[in-house]
Amino acid sequence: MIKPLPAAIGIALASMLFNPCAYAQEDGTDEAKDEITRLDNVIVTGTRAPKAVDKIPGAVNIVSKADLQRTLTLTEDATAVLARSVPGYAESSQAMSNTGENLRGRIALRLFDGVPQGSPLREGTRNATFTDMGIVGRIEVINGPSASEGIGAAGGIINYISAVPQEEGNEFTLTSRYTTQFKDDSEGWKLGATFTRKAGEFDMLAAASVIDRGIAYDGNGRRIGMNTSGSLADSRSENIFLKMGYNFGEAGMQRIEGSASHFKVEGKANYIQILGCRPEEVGVIAGCDAVRTNTSERGQIFGTKDAFNDFKQYQLTYSNADLGGGTLVVNAYKADQAMRYLAENGDDKQLVWPLPAGQPRIYDQSEIVTNKKGLRTSWARPSLFSVDGLELRVGLDLVEDTAQQRLALTNRVWVPPMEYTSKAPWAQLSWDIGPVTLSGGLRREDGELHVDSYTTTAYRDFRFVEGGTLDYTENLVNFGAIWRIADGWSMFASYGEGFTLPNVGIPLRNIQCSNDTPEGTQPDGCPNDPQATVAGILDLQAIVVENKEIGFNWRGARGGIGGSYYDSKADYGQSLAIDPATNDFVLLRAPTRIKGYEFTGEYRFNDAWRLNAVYSHTRGKTAFWGDDVRGRFGAGDLKRPMGVTDISPDKLAWSLAWKFVPQGEITLGATTLFDRDLSGSDVRSFDNASFSFVEHTKGYTLFDLGVTYDTGRFGRLALGIENLLDKQYILSWSQPPGGYQNYWSGRGRVWSLTHTIKF
């Protein structure tokens, strides 16, 4: 068991059960440093109270500040550190969008200091770039579905936790960075400033930064195409963050803390995308005479604006570490996000359809706005009924989430205003019985979705859809056990359930009905009926994911290793496909089942050499068709492999670090995505319709090199080389045919020089 914490440290931990960023403050003593080492193995995400990792029955990854700093030496991409450190996390999209990035083949719930980012009502794949990574102190990752933090955690929970003051007094940190690919307009820079103050019971952190990025080039020296969902290339990011806290009351057992964050990344509108040619398009599509990836050329589409991602977040937390023998935490938050996408002239963007002969196509831009506010409460009571090791945690979560999507240039509704309100009481019980910890809990999700009436676009037949209200209620359970065997070995087994909504906006905007539609092919919402209603859309049913998992861990003096096997299924799940006519995602609702195994390992040869590695293998299947809305046939068997838009290929990532002097370190790393071949077919007996699926992805290996040296009074210098060998490759999720506008190569070699000084 973790030995009791000193009072000040215990208060700081207890105060941050929702905003878990107040870890032990370093006071320079050996005792304080010992406590900090122990707290490195404490996690609060998904448990709502400080919990030792070796008492949590599941696969947990903690990305430390040191891990973050090593990745920031190479790139400022917000998800790059996850791709390198978390086995089940997919490859980084290298873009403003996190399309294709998932955790174990399912969408993860991303949190910033415990506050949900994005919205399951309209998942715009923009919820991974929401702050300057320089202010993040650590990342806690809970693998596998979990309802503990609310809706949206079908694949797990990723909680980015902001840094905290580490020393008494004032500290100012200035960070400057220069990046280049030594090609035209490829230069970029960053300037960031952080101020921390810790004075008795008061602490604060204030930070501001600006990042300016040039255009990106691939390994062949060719400009990379602008991502239609938003590029980081040719963009500018601005971030402001403020957090203040104060301990008060008898022995400082109570705390109040507030924070505000505003982050915006926006394209500079210097380039437009030039479409490439996939191998299967050569000689088939006019103008495609050779294989080439998308590229960018200087210019603008008249009347359009560039993509942006704008996050604002505010929260206030009160805690009392001695209330009724337990700890109470009340957290209120408000989070707003606005997203704009690049202009497109797809079929679904036209003002009339079909287009009359000779009428020019128009460009339009999609904008999504989401607003979320909530109240999260918890009360944790150790030694329940005076039983040592028996702990009860209870709470109530309230949330109101709204979202809508418009075509901004023509001011048209694409996805109508949606509002989801929920109240969710929960309880979790754990019991330490010697070397065994048993845990179990229940969360009651009681939600309501309201959608206004609206009219679809011309491409969807100007269909009037009657609004309505849908109820979502679900009892979500979890239970598990972990056995700490001996000599650092432990084993665990668990069962958990996650709850989410199915990207509601996609089925709402894709309704298309007409009276002359052939019998049996009418989509959800209007089967052979001219009246479409929100209540009739089968695809709006919730997703409940069930996950079974077993695993082991070993932690020794020189390192550790862990592994797990999981089996995740949803009777009415979701997968993504691309409509080749519109280049937009369509939602496939059918049973899904995902299985996989993964390993993590670390070994310290001595004080100078350290090796880290992660490996993951994931496979999933779904059906070629779902339940018929008219009840004539059920969903198909699990014969359709889930492709790269849902599940990333097998991954191996490793890094070898050498501390060549006490002040300096060299880290060589590599990430390998393996080749993968998928195929499947099925025949539907109802109408003898045949279906098939084939997908081939080619793997690649990228090497990175980072060198850091702390000069002392003159600050810390870091040289990073991303894609060390300047390899040419196509991003895995961009390889399969289907979306004509997403044939992108990855970045070639990028040089970065960073200087950080504290005073």
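Buried denotes under 20% relative accessible area, exposed over 50%, and partly exposed in between (1.4 Å probe, protein chains only). The model is predicted: local features need pLDDT of at least 70 and side-chain atom pairs count only at pLDDT 80 or more, whereas totals for chains, interfaces and linings use all residues. Residues are numbered from 1 along each chain as its sequence is written, and side-chain values use heavy atoms, with hydrogens and water left out.

Strands are taken to pair if DSSP finds at least two bridges between them. Strand β24 runs antiparallel to β23 (residues 468-484), to which seven bridges join it; Y495 of β24 is the bridge partner of F479. Four residues separate β23 and β24 in a hairpin, and D487 in the turn has a positive phi of about 55°. Twelve bridges link β24 to the antiparallel strand β26 (residues 543-555), with S490 partnered by N553 in β26.

The largest nonpolar core comprises 25 residues, and L82, M133, I139, I158 and Y160 have the most contacts inside it. Such a core is a set of buried Ala, Val, Leu, Ile, Met, Phe, Trp, Tyr and Cys residues joined through side-chain atoms within 4.5 Å. Leaving aside neighbours within four places in sequence, Y160 is in contact (heavy atoms within 4.5 Å) with residues including L82, F112, F130, M133 and I139. Apart from this core lies another, of 24 residues, among them L121, I151, V465 and L508.

Definitions and conventions
Helix = DSSP H or I, 4+ residues; strand = E, 2+ residues; numbered from the N terminus.
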